[in-house]
Each structure stands twice: as structure tokens, then as C-alpha cells.
Amino acid sequence: MTDYSKCSLTRFPAPVLSQRAEPVGEITDDIRCLADQMIDLMVETEGVGFAAPQAGVNLRMFVVSLDGTRENARVYINPEMEVFGPQIAHEEGCLSLPGIYTPISRYAKCKVSATDLAGNRFTEEAEGLLARALQHEYDHLEGVMIKDRMSRPAKIRARRQLKQLIDEFNAGSAS
Ligand SMILES: [Zn+2]
């Protein structure tokens with residue numbers, strides 16, 4: 001039994017954010033509690049998506065809500081992703097990399113198969129902002145963040161911000 005209700009937002013460079021997450025086993029009350037907590041954290045931080053590693057949990061699940069509301073939040077457990085179409089660059093941010101907004105190339109369309117909280121497998125085809133959000137959250141399950149996908153000049157521009165996050169992380173883990 002893990003108390004996921006105490007999870008909080010993890011920021012770069014927390015190691016959990018750069019690891020490949022593990023598949024979710026049975027969908028227990030703990031997993032439902034984790035989904036709830038992830039939705040709360042997404043709503044609180046005004047995000048449109050939230051992946052379990054961002055709550056410090058190394059599991060393959062994320063939530064997306066394009067308008068940032070609890071009502072429209074959809075939970076994706078053990079997702080599989082296929083991508084289609086041309087890649088389009090658009091400005092993106094990440095709750096785990098505060099202060100960094102940078103153009104990221106994503107595929108125009110994608111198809112996701114995932115399990116919902118009732119244990120049912122579903123498939124969703126997406127384009128536009130939803131396709132972008134799904135690819136961003138899926139990346140988190142592979143230990144990939146926008147800092148890993150941004151262009152070299154963008155990375156140089158973000159260097160000071162990344163260093164500040166590392167300093168804050170080290171100060172936090174030292175206390
Ligand atoms: Zn993110």
C-alpha cells in the first residue's frame with residue numbers, strides 16, 4: 001500500500017523524470033488514488049497534462065485535460081503510441097521545467113491505445129493540441145523531457161534556467 005495522496009510535483013533534475021517508467025499492474029484503489037492526485041496536481045498547476053513520473057511515481061500512466069479541468073481529464077494507463085504525419089514545431093512548456101518555453105517538433109497526428117481506470121482498453125486518434133499533449137506526456141514515460149528535444153540554440157538559451165533548477169534541487173535534497 002502506497003499513499004499516493006501525498007505525491008507532489010517533481011521538477012528537473014529529479015532522477016525519476018529521466019527513467020523509463022514501469023508498466024502498471026492491476027488497477028487497484030492505489031492506482032485510482034494516484035490518478036486522482038495527478039489530476040489535482042495538474043489542475044493546481046494549471047497544466048493540460050500530467051505524467052506519473054512528475055508526481056515522483058515510476059509508472060506508465062498519465063492524464064490529459066486540454067482545458068485543464070478535472071471534468072475533462074482522461075486517464076491513460078500503459079499507453080501505446082503510434083505517430084503520423086509531418087512534424088510541426090510549436091512552443092511548449094513543462095510543469096517539471098518551470099520557466100522554459102521552447103519550440104518542440106511533434107507529429108501532427110497520433111493514435112493512442114491505453115487502459116482506463118475501469119480496466120478497459122480504449123483507442124483514441126488525435127491531432128492538433130491533443131496530439132501534442134499526448135506525445136509530450138508519453139515522452140515522460142520514456143524518461144524524455146522537452147529539454148531533451150529542444151534545438152541546440154534553445155538549449156543554450158535555457159542553460160541558466162536549467163542550472164538554476166539543478167541548484168534548487170541540490171539545495172532541497174541537502175536540507
Ligand atoms: Zn512535461
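Read along the sequence, the protein chain of this predicted model follows the pattern α-β-β-β-β-β-α-α-α-α. The chain holds 5 helices and 5 strands. Its C-alpha trace spans about 45 × 45 × 25 Å along the principal axes. The radius of gyration is 16 Å, which agrees with the value near 16 Å for a compact globule of 175 residues. Buried residues account for 33% of the 175 residues. Among contacts between residues at least 6 apart in sequence, 63% join residues at least 24 apart.

In soluble globular proteins, nonpolar side chains tend to be buried together. The largest nonpolar core has 30 residues, of which M38, A52, F62 and V63 touch the most other members. Two or more residues of this core come from each of α1 (29-44), β1 (49-51), β2 (61-64), β3 (74-92), β4 (102-115) and α2 (128-141). A second, separate core has 10 residues, including F12, L17, I100 and I104. In the largest core, A52 is one of the residues that touch the most other members. Leaving aside neighbours within four places in sequence, A52 is in contact with A21, L34, M38, V57, L59, M61 and F62.

Helix α1 has 16 residues, and its end C-alpha atoms are 22 Å apart, which agrees with the 22 Å that should be spanned at 1.5 Å a residue. The buried residues of α1 are I31, L34, A35, Q37, M38 and M42. These residues lie on the same side of α1, because they cover an arc of only 165 degrees around the axis. An α-helix has 3.6 residues a turn, so residues three or four places apart point the same way. The buried residues of α1 pack against β1, β2 and β3. Just after α1, E46 takes a positive phi of about 55 degrees.

Helix α2 has 14 residues and reaches 21 Å from its first C-alpha to its last, close to the 20 Å expected at 1.5 Å a residue. This helix is largely enclosed by the rest of the structure, because 11 of its 14 residues are buried. They are A131, R132, A133, L134, Q135, H136, E137, Y138, D139, H140 and L141. The elements that cover the buried residues of α2 include β1, β2, β3, β4 and β5. Just after α2, G143 takes a positive phi of about 75 degrees.

Strand β5 is hardly covered. Among its 7 residues (121-127), the count of buried residues is 0. β5 pairs with β4 in the antiparallel sense over 7 bridges. Within this pair, V112 stands opposite E124 in β5. The hairpin of β4 and β5 has 5 residues between the strands, and there G119 takes a positive phi near 90 degrees.

V24 sits in the segment before α1. With 17 other C-beta atoms within 10 Å, V24 is partly exposed. Not counting residues up to four places away in sequence, V24 touches I31, L59, R60, M61, I77 and N78. V24 and N58 are 34 residues apart along the chain, and their C-alpha atoms are separated by 9.4 Å.

Key: Residues numbered from 1 in each chain as written. Predicted model: local features only at pLDDT ≥ 70, side-chain atom pairs only at ≥ 80, totals over all residues. Helix = DSSP H or I, 4+ residues; strand = E, 2+ residues; numbered from the N terminus. Rg over C-alpha atoms; globule rule 2.2 N^0.38 Å. Buried ≥ 20, exposed ≤ 12 C-beta atoms within 10 Å, placed from the backbone. Contact = placed C-beta atoms within 7 Å. Core = buried A, V, L, I, M, F, W, Y, C linked by C-beta atoms within 7 Å. Pairing = 2+ DSSP bridges. Expected span 1.5 Å × (residues − 1). Arc of directions from axis to C-beta.
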